[in-house]
Amino acid sequence: MELYDTEEQQVEALKDWWKENGKAVIFGAVIGLGGLFGWRFYQDSVTSGQEAASASYTKAIQTLTTKGVDGEADVQSFIDSNSKSEYAVLAAMQLAKAQVQAGQLDEALAQLEWAKNATGDAALKPVITYRVARLQAEQGNFDAALSELATIKEQSWTGRVAELRGDISLRKGDKEAAYAAYAEAQQADDASQTLQMKLDDLAK
């Protein structure tokens with residue numbers, strides 16, 4: 001605002017300004033309050049939804065624990081109903097584990113592939129990708145497994161990735177690549193205690 005010589009001028013100026021802008025101020029205040037209450041309602045809704053998903057997830061996993069793959073339909077129903085939630089991703093991972101134990105490798109791989117694409121959790125992504133690679137290797141799809149492993153860039157996974165790459169290379173009959181991978185894994189912070197034994201076996 002401009003500088004005013006008297007208080008009367010300030011009052012008159014405020015009156016004029018309010019006539020011109022009052023409606024916008026009121027409208028803005030209403031919108032602001034609406035946004036505030038709307039955000040709080042949204043937060044409450046999200047919290048309520050998360051709690052419901054958590055309870056449903058617990059129930060689905062209990063069914064899986066009790067029935068094994070015989071409880072697959074219930075778990076899949078939960079996954080389908082909560083496909084935008086990380087709980088669905090966790091459920092798919094648990095279902096895949098049960099399917100592997102039951103020898104249903106194709107079904108388990110499909111669950112893990114879905115989980116890998118669905119998750120938005122940066123910590124879960126390498127876990128799922130690693131499991132996909134292990135399953136692919138178990139099915140004899142060695143090149144696909146190696147390609148999958150190559151997508152894991154997190155430094156904390158360097159040792160595990162290199163060791164599995166060595167295991168896969170060994171199964172392919174490439175002892176030189178296996179030895180190099182094991183040696184790389186041994187230098188990582190997450191190196192396993194079995195690496196030296198694997199290196200010794202290859203050195204014989």
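A residue counts as buried under 20% relative accessible area, as exposed over 50%, and as partly exposed in between, using a 1.4 Å probe and protein chains only. What you're looking at is a predicted model, where local features need pLDDT of at least 70, side-chain atom pairs count only at pLDDT 80 or more, and totals for chains, interfaces and linings use all residues. Residues are numbered from 1 along each chain as its sequence is written, and side-chain values use heavy atoms, with hydrogens and water left out.

Let's stay with Arg-160 and its partner. A salt bridge here is a side-chain nitrogen of Lys or Arg within 4 Å of a carboxyl oxygen of Asp or Glu, and a search of the whole structure turns up seven of them. In one, Arg-160 meets Asp-190, at 3.1 Å from N to O. Arg-160 sits in helix α7 (residues 158-171) and Asp-190 in the loop between α8 (175-186) and α9 (195-203), so this pair ties together parts 30 residues apart in sequence. Helices, by the way, are DSSP runs of H or I with at least four residues, numbered from the N terminus.

Now follow helix α7 along to Glu-163. Its salt bridge is with Lys-198, and the closest N and O atoms are 2.7 Å apart. Because Lys-198 belongs to helix α9 and Glu-163 to helix α7, the pair connects parts that are 35 residues apart in sequence. Glu-163 counts as buried, at 11% relative accessibility.

Lys-198 also meets Asp-167 in a salt bridge, at 3.0 Å from N to O. This is another link between distant parts of the chain, from Asp-167 in helix α7 to Lys-198 in helix α9, 31 residues apart. Asp-167 is partly exposed, with a relative accessible area of 25%. Elsewhere, salt bridges with shared partners join Glu-113, Lys-116 and Glu-148 into one network.

For helix packing, look at α3 (residues 86-101) and α5 (residues 124-138), which pack at an angle of about 25° with their axes 12 Å apart. That makes α3 roughly parallel to α5, a label for angles under 35 degrees, taken between N-to-C directions on a scale from 0 to 180 degrees, with axes fitted to C-alpha atoms over the stretch in contact. The contact (heavy atoms within 4.5 Å) is made by Glu-86, Val-89, Leu-90, Met-93 and Val-100 of α3 and Leu-124, Val-127, Ile-128, Arg-131 and Leu-135 of α5.

Definitions and conventions:
Helices (H or I, at least four residues) and strands (E, at least two) are DSSP runs, numbered from the N terminus. Angles under 35 degrees count as roughly parallel, over 145 as roughly antiparallel, 65 to 115 as roughly perpendicular and the rest as oblique.
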